[in-house]
Structures are given as structure tokens and as C-alpha cells.
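Hi,

Here is the structure I promised to pass on.

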Amino acid sequence: MKTPALLLMIVAIVPVLAQTTGTSTLQVAVGTEAKITVNTATTALTSSMAFGAYTGTTNFTYSFRTATANGTGTIQVQITSDFSPAGGPSVGTPPSPGDTLAYTCTVGTGTACSGSQTASASSQTSVATVGANAHIADATGSVAWSLTNDPVYQTGTYNATATFTISAS
Amino acid sequence: MVATYFYLGVLVAVTAAGQTLTTTQGLSINLSPLAKIVSTPVTVALVSPGGAFTTFSGSGTVNLRIRTAPASSGSLQVRITSDFSPAGGPSAGSGDLTYTCTTGYGSACSGPIVAQTATQTSVATYSASACTGGGGTCSAANPTSATITLTIADRPAYQTNTYNATITYSISIL
């Protein structure tokens with residue numbers, strides 16, 4: 001007769017932390033960027049004397065990051081919607097030779113446009129430029145407008161739209 | 001270390017020369033608290049959602065298994081073990097990198113949290129008797145997951161380039 005045997009088996013899972021850490025690479029590609037905010041929603045052009053030019057100022061804030069080598073940045077403006085209604089000033093089709101919407105530029109950082117520029121309805125014209133490796137955060141600038149006050153204009157209120165474009169490379 | 005033991009009694013019936021003999025075998029399994037990171041993303045790309053000078057952000061999901069004892073808990077943490085390089089870009093050491101957390105199981109961090117280069121910061125915590133897989137008081141998924149969404153402010157001061165940093169995830173039983 002065989003005697004029953006009692007066998008005790010113990011299996012212990014040893015607390016081995018097979019892996020307690022892991023790593024990842026964080027990667028960010030920083031490219032050229034530019035941003036502009038026009039702070040003057042409507043720029044009123046007013047005249048202080050009879051047939052004196054209508055003047056007013058548009059303020060804006062801008063930021064740039066340009067490439068370290070051969071980078072550049074520009075701010076430009078174009079009259080994307082000419083004065084309306086008809087009978088008043090016009091950038092695209094001035095009622096008289098010599099009627100212009102001119103402007104001068106001021107920027108906090110960078111190079112402002114040189115002298116008096118003539119705004120165009122058909123192409124962008126310069127407001128400011130920056131060079132390579134520019135890192136500008138929330139700088140301020142302005143455009144001071146001057147519109148010929150031609151007696152041929154009919155009395156009325158006329159609106160136009162000026163579009164500012166900023167770019168960086 | 002707190003250990004949990006399970007005893008399993010096994011009855012074996014043996015027939016020999018017309019007799020039935022019975023033997024009893026006891027099995028003991030010591031299930032210790034355990035935690036393991038199963039996988040991490042190789043690369044987490046932080047990209048801009050659009051618009052100049054907003055943020056760069058990206059998410060990384062860590063898969064893990066965890067088993068805590070009735071009197072212990074677990075913790076998943078991160079540290080920036082290698083700051084962004086080359087120089088001229090963002091810096092975790094300067095506090096540029098923040099993150100928020102979501103988890104499939106456990107308690108996610110209350111973010112946003114500023115990622116650190118010198119110390120570990122929390123991603124998720126796991127309570128006593130936590131376990132992975134099976135549902136109920138355990139996680140439904142096995143492995144379970146935790147996701148961090150990392151964000152860097154897009155500052156004009158950064159020079160144009162591609163920058164890399166290393167983030168290290170650590171899981172431990174407390």
C-alpha cells in the first residue's frame with residue numbers, strides 16, 4: 001500500500017519590473033512666420049482746411065520670424081476696394097490727373113517705406129521690410145494717409161478698403 | 001513590497017491495484033505589485049494648428065500594465081531628460097513646454113503642467129488594487145493607456161530650425 005504524499009508547490013512571481021521607463025523624441029520644426037493686426041478698424045480721413053488734403057492714420061501691430069540665411073519679410077498694402085459710391089475720389093480711376101491716395105510709413109522695428117508712396121488698386125506697395133534672422137514680437141507701426149481734396153468730388157461719404165499683407169521667408 | 005498570495009488546492013486521483021489514492025498538492029502564487037511601460041511613441045511631432053505665432057502641440061500615448069497591492073499605489077511620470085537642441089529654439093528648462101493628460105484608466109494629471117528637466121512630473125496615478133485588463137475594478141483594456149498632449153508657445157524669438165528633445169516616461173509602484 002502506498003502512502004498518500006502531500007506535496008506543496010510554491011510558485012513565486014518575483015517582482016521584476018521588466019521595464020519601468022520609456023522614451024520618446026519630441027520634435028518641433030520652427031519655420032518662418034509673420035502676423036499683422038490692424039488696430040484701426042476704420043480710418044477717418046479728414047481735412048482741416050478748404051481743399052486741404054484729407055488725412056488719417058492707420059495703426060497696426062506685427063510680428064516676424066525670418067530665416068537665418070537669406071530671409072526677408074515685407075508688409076505691403078493695396079486698395080482692394082476702391083472708394084464708393086461713384087462721384088468721389090478713386091484710387092484706380094482718379095477723376096483728375098494728380099489725384100492720389102498717398103501714404104508715409106512708420107514702424108517700430110525694421111525699415112519703413114521710403115518717403116511718400118502712392119497707394120494702388122492694382123498692386124501691392126511697400127509699407128516696411130525686415131531682413132534675415134528677424135525676430136520681432138508685437139511691434140507697432142502706422143500708415144499716415146493723404147488723399148487729394150479735389151473740388152470735382154461730389155459731396156458725400158466714401159469708403160474704400162485697404163488690405164495689409166505681411167509675409168516672411 | 002506587499003505581496004498577495006493565492007493558494008490552489010489540486011486533487012489528484014490515482015488508481016493502483018484496485019485502490020484509489022488521493023493526494024493533495026498546494027500551489028502558491030505570489031503576485032507582487034508590478035508596473036511596466038509596454039510602449040511609447042518613437043517621435044511626437046509638435047506642429048502648429050495654423051495661424052502665425054500660436055502654439056506647437058502634439059500628443060503621445062503610452063501603453064502600460066500595472067498591478068498595485070491593496071496598500072500601494074502607482075504613478076506614471078515624465079521628465080525631459082534631454083532639452084531641445086540645437087540652441088536658439090524652445091527650452092523645457094525655461095518652462096516653454098507644458099502638457100495635459102488623459103488616461104484610459106487611473107487618474108489623469110490636473111494640467112496644464114510645466115514639464116521639467118530636473119524633476120519628474122505627474123501624468124497619472126493608480127490607486128490601491130489597481131489592475132490591468134478584464135474590466136470591473138481593473139482597466140478594460142490590456143494594456144491600458146495614458147496620453148499627454150504637449151504644447152509649446154510659438155515665439156518669434158525662436159530661430160528657424162528643427163529642434164529635438166527627449167521625454168522619459170517612468171512608471172513606479174509606491
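Two strands count as paired if DSSP finds at least two bridges between them. With that in hand, A:Ala112 sits opposite A:Ala128 in β9(A). The strand β7 of chain A (residues 111-112) runs antiparallel to β9(A), and 2 bridges join them.

Bear in mind that this is a predicted model, where local features need pLDDT of at least 70 and side-chain atom pairs count only at pLDDT 80 or more, while totals for chains, interfaces and linings use all residues. Residues are numbered from 1 along each chain as its sequence is written, and chains are lettered from A and ligands numbered from 1 in the order in which they are written.

Staying with chain A, β9 (residues 125-130) also goes with strand β5 (residues 73-84): these run antiparallel and 5 bridges join them. A:Thr74 stands opposite A:Thr129 there.

A:Ser142 lies in strand β10 of chain A (residues 135-147). Buried or exposed? A:Ser142 counts as buried, because it has 20 C-beta neighbours inside 10 Å. (The cut-offs: buried takes 20 or more other C-beta atoms within 10 Å of a residue's own, exposed 12 or fewer, partly exposed is in between, and C-beta atoms are placed from the backbone.) Leaving aside neighbours within four places in sequence, A:Ser142 is in contact with A:Thr57, A:Thr58, A:Asn59, A:Phe60 and A:Thr106; contact means C-beta atoms, placed from the backbone, within 7 Å. A:Ala162 is 20 residues away along the chain, and its C-alpha atom is 13 Å from that of A:Ser142.

On to chain B, which has 12 strands and 0 helices. Of its 174 residues, 32% count as buried. Among contacts in chain B with a separation of 6 or more, 67% are between residues 24 or more positions apart.

One open sheet in chain B has 5 strands in the order β3-β5-β11-β7-β9, with antiparallel pairing. β3 and β9 (113-114) are at the edges with a single partner strand each, so one side of each has no neighbour in the sheet. β9(B) pairs with β7 of chain B (residues 97-103) over 2 bridges, in the antiparallel sense, and B:Tyr99 has B:Ile113 as its bridge partner in β9(B).

Now the cores. A nonpolar core is a set of buried Ala, Val, Leu, Ile, Met, Phe, Trp, Tyr and Cys residues joined through C-beta atoms within 7 Å. The largest one has 37 residues, and B:Leu64, B:Leu76 and B:Val123 touch the most other members. Strand β12 of chain B (residues 161-173) gives the largest share of this core, 6 residues. A second, separate core has 26 residues, including A:Val77 and A:Ile166.

Finally, where the chains meet, 52 residues of chain B are in contact with 40 residues of chain A. β12(B) supplies the largest share of chain B's side, 12 residues. That side divides into 30 nonpolar, 21 polar and 1 charged residues (Ala, Val, Leu, Ile, Met, Phe, Trp, Tyr, Cys and Pro are nonpolar, Asp, Glu, Lys and Arg charged, and the others, Gly among them, polar). β12(B) also pairs with strand β2 of chain A (residues 21-30), antiparallel, over 10 bridges. In β12(B), B:Ser170 is the bridge partner of A:Thr21.

Cheers

Technical notes:
Helix = DSSP H or I, 4+ residues; strand = E, 2+ residues; numbered from the N terminus. Contact = placed C-beta atoms within 7 Å.
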